[in-house]
Amino acid sequence: MRNLFIACVLFLGSIPLRAQDDLMAMLEKEDAKQTNYTLATFKASRLINGQTVETIAKQHLNFWISHRFGAINSGFIDNFLGLDEARIRLGLEYAITDRLLIGAGRSTIEKTYDSYVKYKLIRQSNKMPVTVTAYGSIASNTMKTGYTMESGTVMRFNNNLQRQTFMGQLLIARKFSDKLSVQLMPTLFHNNLAENIYMENTQAAMGFGGRYKLSNRLSVSAEYYYNLIEKEEYEEAAGQKYPYHNSLAIGFDIETGGHVFQLHVTNSRGMIEKHFIGQTIGTWQNGDLFYGFNMARTFSFEPKIKK
């Protein structure tokens, strides 16, 4: 009788444990059915020079200030390691939805106005391994015709259409952990007027970038754009070296509340794709490096909820 009593107690005691296991299994199945999206793959909508897969929250506005000093190897006495000169871009971007934003800006390089649209097509989740964002822009050069480019080419425009550059890009990123995010940036852009008869109007590039989080507010980032150009064919036809190089940038992101502050070093002074992908003169090997920073301030236009 005593043994029967003990057996009953053990059986009844195991029921809550089995019920708990069954409940946990049911919850795990329900979680598997739900889509859990990955958040904050990158700190900001820009990586360094280029874009990230990130958009901003609906009815929010980003004000971007981008600044590039002169070359570090330009001399200490003559140019204070580049700090005596600067190139600037001012930009605004506004989120129509949480996945769609529009933006515009103006750069001092070639007095260029740019506008763009960005839409997050796919979001990384427990069911999708990557985030994919489509990005397209138009840039307009407003320099007086007959100006001399950094490459030494004299640019002459016959009409305003020749001043336009169109760019399309897919941003493909994966957040591997809370610390590491990696991104690919296949790019295609078209200059309505090529720099010379030997240069293609339409050019392609592949970008690679990433971020590694050092702390809650600090991360290190890098990006590299490889131009898919037949440089040997150009040099053979033109009888001169191809004037431009691949763009490489390394920097730090510092988040301070409503601000994101990005410090970096790069061999390109350009702040839009037309310039830093297609017109990078400097190289890291020769010390043609530029200090720079981006600063973003976010403003909210969401209507306040009355209590």
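Author: Helices and strands are DSSP runs numbered from the N terminus: a helix is H or I over at least four residues, a strand is E over at least two. Two strands pair if DSSP finds at least two bridges between them. This is a predicted model: local features need pLDDT of at least 70, side-chain atom pairs count only at pLDDT 80 or more, and totals for chains, interfaces and linings use all residues. Residues are numbered from 1 along each chain as its sequence is written, and side-chain values use heavy atoms, with hydrogens and water left out.

Reader: How many helices and strands are there in the chain?

Author: The chain has four helices and 14 strands.

Reader: Which strand 8 residue is the bridge partner of Ile-138?

Author: Phe-166 is that partner. Strand 5 (residues 131-141) and strand 8 (residues 164-175) pair in the antiparallel sense over 10 bridges. Strand 5 also pairs with strand 4, antiparallel and over 10 bridges, with Ile-122 opposite Val-132. Strand 4 (residues 112-122) in turn pairs antiparallel with strand 3 (residues 100-107) over eight bridges, and there Leu-101 stands opposite Lys-118. When tracing side chains along such strands, recall the general rule: in a regular strand they alternate between the two faces of the sheet.

Reader: Which residue in the turn between strand 3 and strand 4 has a positive phi?

Author: Glu-110 does, at about 55°, in a hairpin with four residues between the strands.

Reader: What percentage of the 307 residues count as buried?

Author: Buried means under 20% relative accessible area, exposed means over 50%, and partly exposed lies in between (1.4 Å probe, protein chains only). On that scale 40% of the 307 residues are buried. Accessible areas come from the Shrake-Rupley method with a 1.4 Å probe, and for residues only the protein chains shown count as cover. The chain total is about 17,100 Å², with 61% belonging to carbon and sulfur atoms.

Reader: Is Arg-163 buried or exposed?

Author: Arg-163 counts as buried because its relative accessible area is 15%. Its place is the loop between strand 7 (154-155) and strand 8. Contact means heavy atoms within 4.5 Å. Leaving aside neighbours within four places in sequence, Arg-163 has contacts that include Ala-139, Ser-140, Asn-141, Thr-142 and Phe-157. The C-alpha atoms of Arg-163 and Thr-142 are separated by 7.3 Å, although these residues are 21 apart along the chain.

Reader: Where is His-275 found?

Author: His-275 is in helix 4 (residues 273-276), and its relative accessible area of 2% is why it counts as buried. Not counting residues up to four places away in sequence, His-275 touches Ile-109, Glu-110, Thr-112, Ser-268, Gly-270 and Thr-280.

Reader: What does rolling a probe over the atoms show?

Author: A probe the size of a water molecule shows where empty space is left. On a 1 Å grid over the protein atoms alone, a cavity is a set of points where a 1.4 Å probe fits but cannot get out; a pocket is an open set with protein on both sides within 12 Å along at least five of seven lines; lining residues have an atom within 4 Å of a point. Points are joined across faces, edges and corners, and a volume is the space filled by probe spheres set on them. The largest pocket holds about 550 Å³. Among its 29 lining residues, Lys-43, Glu-54, Thr-55, Ile-56 and Ala-57 lie nearest the centre.

Reader: How many cavities of 30 Å³ or more are there?

Author: There are two. The largest cavity has a volume of about 190 Å³ and is lined by 23 residues, with Met-155, Asn-191, Leu-193, Lys-274 and Gln-279 nearest its centre. Strand 8 and strand 9 each supply at least two residues of that lining. The second largest cavity has a volume of about 70 Å³. Its lining includes Arg-46, Asp-114, Tyr-135, Met-167 and Glu-273. Strand 4, strand 5, strand 8 and helix 4 are the elements that give two or more residues to this lining.
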